[in-house]
Amino acid sequence: MRREHSIEPDYFEALYKDKGDPWEFETSPYEAAKYDETLAALPKDRFENALEVGCANGVLTARLGPRCDALLALDVSETAVAAARVRCADQPNIRIERRRLPDEAPAGIFDLILLSEVVYYWDSTDIVRLAAYARSAIASGGYVMLVHWIGETDYPKSGDEAVAELHAALGDRVAVVRSDRHEAYRLDLWRLEDAG
């Protein structure tokens, strides 16, 4: 049964408190291979100011950090944020904060927004609000990268629905750079241009 509303932060906090690494980001060969693909798909070697939404315990964050002058990584779980801060402590260019998007969106202009395994946790209303934030927060010519599992879930959206709804909400500013389907997940890279 699909949830109707965006998933509350307490759900994620309970998972991290109970299991530490509930999706096995630290040990799963699938996650490691997906992170390899994510980093390989980035359109530039280096970004000035990147935003990672849903950083979890920082496994991907630590790998993305060396490619960013500044990286702001966010998660709704304080337990996950604490683990990510420890993991990334040797990279002073990484800032990690507990925030819930779209309600607590950070200020700033980013040339990369990474949405890895997060958009399907939001309902349609929050996806539209996220798109409005992204339009104001992404630099002209900046990129949005999405990575989402495409199997069955009880989340408000499937991976495919989440990507389609965000694309529609962003409107004609989106130029699709790539849309790759793998066995269990999809990877989408968009460039956002100035509105005509």
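Which residue of E2 does Leu51 stand opposite? I looked this up to start the notebook, and the residue is Leu72. A reminder to myself: this is a predicted model.

**Entry 1: the sheet**

I then turned to the strands themselves. E1, residues 47-53, pairs with E4, residues 110-116, in the parallel sense over 4 bridges. E1 also pairs with E2, again in the parallel sense, and here I find 6 bridges.

Next I followed the whole sheet. It is open, has 7 strands and runs in the order E3-E2-E1-E4-E5-E7-E6, with mixed pairing. Strand E3 (94-98) and strand E6 (174-181) each have a single partner strand, so one side of each is left without a neighbour in the sheet. On average, neighbouring strands are turned by 15 degrees against each other, direction ignored.

I also asked how well covered E2 is, and I noted that 6 of its 8 residues are buried.

**Entry 2: helices across the sheet**

H5, residues 124-137, lies across E1, E4 and E5, and runs at about 140 degrees to E5. H2, residues 29-41, lies across E4, E5 (138-149), E6 and E7 (185-192), and its angle to E7 is about 20 degrees.

H2 got a closer look. Its 13 residues reach 18 Å from the first C-alpha to the last, close to the 18 Å expected at 1.5 Å a residue. I listed its buried residues as Glu31, Lys34, Tyr35, Thr38, Leu39 and Ala41. They sit on the same side of H2, because they cover an arc of only 160 degrees around the axis. The cover over them includes helix H3 (59-64), E4, E5, E6 and E7. On the face turned away from this buried side I found the exposed residues Pro29 and Ala40.

**Entry 3: the cores**

In soluble globular proteins, nonpolar side chains tend to be buried together. With that in mind, I went through the cores.

Which residues touch the most other members of the largest nonpolar core? They are Leu115, Val119, Leu166 and Trp190, in a core of 32 residues. At least two residues each come from E1, strand E2 (68-75), E4, H5, E5, helix H6 (159-170) and E7. H5 gives the largest share, with 6 residues.

I picked Leu166 and wrote down its contacts, not counting residues up to four places away in sequence: Leu115, Val119, Ile127, Leu130, Ala131, Leu146 and Trp190. Another core lies apart from this one; it has 31 residues, and among them I noted Leu64, Cys68, Ala73 and Ile94.

**Entry 4: Cys55**

My last stop was the loop between E1 and H3, where Cys55 is found. Is Cys55 buried or exposed? Its relative accessible area is 4%, and the cut-off for buried is under 20%, so Cys55 counts as buried.

I then checked what surrounds Cys55. Leaving aside neighbours within four places in sequence, Cys55 is in contact with Thr61, Ala73, Leu74, Asp75, Ala84 and Ile96. I also looked at Leu115 from here: 60 residues separate Cys55 and Leu115 along the chain, and their C-alpha atoms are separated by 9.0 Å.

Terms used. Residues are numbered from 1 along each chain as its sequence is written. This is a predicted model: local features need pLDDT of at least 70, side-chain atom pairs count only at pLDDT 80 or more; totals for chains, interfaces and linings use all residues. Side-chain values use heavy atoms; hydrogens and water are left out. Two strands pair if DSSP finds at least two bridges between them. Axes are lines fitted to C-alpha atoms, for helices over the stretch in contact, and angles run from 0 to 180 degrees between N-to-C directions. Contact means heavy atoms within 4.5 Å. A nonpolar core is a set of buried Ala, Val, Leu, Ile, Met, Phe, Trp, Tyr and Cys residues joined through side-chain atoms within 4.5 Å. Buried means under 20% relative accessible area, exposed over 50%, partly exposed in between (1.4 Å probe, protein chains only). The expected span of a helix is 1.5 Å times one less than its number of residues. The arc is that of the directions from the helix axis to the C-beta atoms.
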